[in-house]
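Colleague: I would like to learn how to read features off a model. Can we take them one at a time?

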Amino acid sequence: MKAKLIFSLLIMFHAVAFAQNVNNIQMPELLNDNARKTIHIPDIPGYKTLKCDFHIHTVFSDGIVWPTVRVDEAWQEGLDAIAITDHIENNPSKKHVGGDDNSSFEIAKPQAEQKNIILIHAGEITRSMPPGHFNALFLNDVTKLDTPDYMDAFKAAADQDAFIIWNHPGWKAQQPDTCKWWELHTQLYKNGWMHGIEVFNEKEWYPIALDWCMDKNLASMANSDIHGITAGMYNLEKYHRPMTLVFARERTEESIKEAMFDKRTVAWFGDNLAGKEEFLSAIFTNAIDAEFIKESEKGKVYLLKNSSDVPFHLISDEETFTIPKNGEVIVTIRDSGKKYKIGNLFIKGTENLNISLPPK
């Protein structure tokens, strides 16, 4: 009798469980894995190569996402650091979301700590040209930059030891006919109130801005200026969001700040790198491994292996070839130490990095 009762209870239990499964069938395969992408850009001697986006927006200015979404995107896309740079003067959502100029940072900070993303306290000084738009990074209080006189805003940023970036200098909404350096920019530069320039913003590349960076020892920057969702803006399967590579001694906010003031940056956008020759050369040298295969009648044959996410397009008087990203190619080098131009690595607006093969 007891055995029959237990058997009946088991049948009832399985029947109930089956009914629950029929009425609530889970399909986790439909969901994203929420995995973090790994970006392959080599460290260079003495420094870690950190991947950063220093120009992004949220609903606390004219963006469309909550601050924590920016952190989640950065984590998923393999970044190390971001700066939320909501407009100080242009905040169309303020009547709906409330808060002040520090709110986006304060909301995003706990999520950044959980995701191990370095979140830099920042804001955007948004004025007509000149001077245009500028981001101020490493702030303590963004509200102090909310002043009628833009020179007072720059001084308030400088008083907080901010790193100040000229945003999108060639943006046609402000400079429709050219990408011009104004006399006011000379004044800002001489005051020590300009430390870097975006040579790339969103989808625009400003070659002349790279010349300014090289001539005046300013940091070359590439940032997304994202207002929507990054996956909706950029083809993240094929490329990546534009970002600034920072060569820091450690993966900390303090090291990023020290590196940026020392102008140890490279702009990365699409398949292109733009910045100082020493850093571009170091990236190439540490990304490429040359394996000697044999001697031939035409020269020495090498297998060139590229461990980075940057393809290298090499050009000489005799040939053109590409070392694919995360791939390899076999080449014959007639003269050891032969010079090649890398067509997608820019040390000036119209000047490319030259290297020798095989790399030393």
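Modeller: Start with burial. A residue counts as buried when its relative accessible area is under 20%. This is a predicted model. Ser 316 has 14% relative accessibility, so it counts as buried.

Colleague: Where is Ser 316 found?

Modeller: In the loop between β14 (312-315) and β15 (320-323).

Colleague: Which backbone atom does the side chain of Ser 316 reach?

Modeller: The backbone nitrogen of Glu 318, at 3.2 Å. Set aside the neighbours within four places in sequence, and Ser 316 is in contact with Lys 338, Lys 339 and Tyr 340.

Colleague: Now backbone geometry. What should I expect before I look for exceptions?

Modeller: Most residues other than glycine have a negative phi, and most peptide bonds are trans. Now the exceptions. Phe 138, in the loop between β4 (133-137) and α5 (150-159), has a positive phi near 70°. Phe 138 is at 5% relative accessibility, so it too counts as buried. Asn 116 also has a positive phi, about 60°. Asn 116 sits in the loop between α4 (103-115) and β3.

Colleague: Which peptide bonds are cis?

Modeller: The bond from Met 129 to Pro 130 is cis, with omega near -15°. The bond from Pro 130 to Pro 131 is cis as well, with omega near 10°. Pro 130 lies in the loop between β3 (118-126) and β4, and Pro 131 is in that loop too.

Colleague: How do I read the buried side of a helix?

Modeller: An α-helix has 3.6 residues a turn, so residues three or four places apart point the same way. Take α6, residues 183-190: its buried residues are Leu 184, His 185, Thr 186 and Leu 188. They pack against β4, α5 and β5 (163-166). Just after α6, Gly 192 takes a positive phi of about 80°.

Colleague: What volume does the second largest pocket have?

Modeller: About 210 Å³. Its lining has 15 residues, with His 168, Trp 171, Asn 201, Asp 225 and His 227 closest to the centre. The classes here are 2 nonpolar, 7 polar and 6 charged.

Terms used
Residues numbered from 1 in each chain as written. Heavy atoms only, no water. Helix = DSSP H or I, 4+ residues; strand = E, 2+ residues; numbered from the N terminus. Buried < 20%, exposed > 50% of the residue type's maximum accessible area, 1.4 Å probe, protein only. Polar contact = N/O pair within 3.5 Å; in protein donor to acceptor, adjacent residues only side chain to side chain. Contact = heavy atoms within 4.5 Å. 1 Å grid on protein atoms, 1.4 Å probe; cavity = no way out; pocket = protein on both sides within 12 Å on 5 of 7 lines; lining within 4 Å. Points joined across faces, edges and corners; volume = space filled by probe spheres on them. Nonpolar A, V, L, I, M, F, W, Y, C, P; charged D, E, K, R; others polar.
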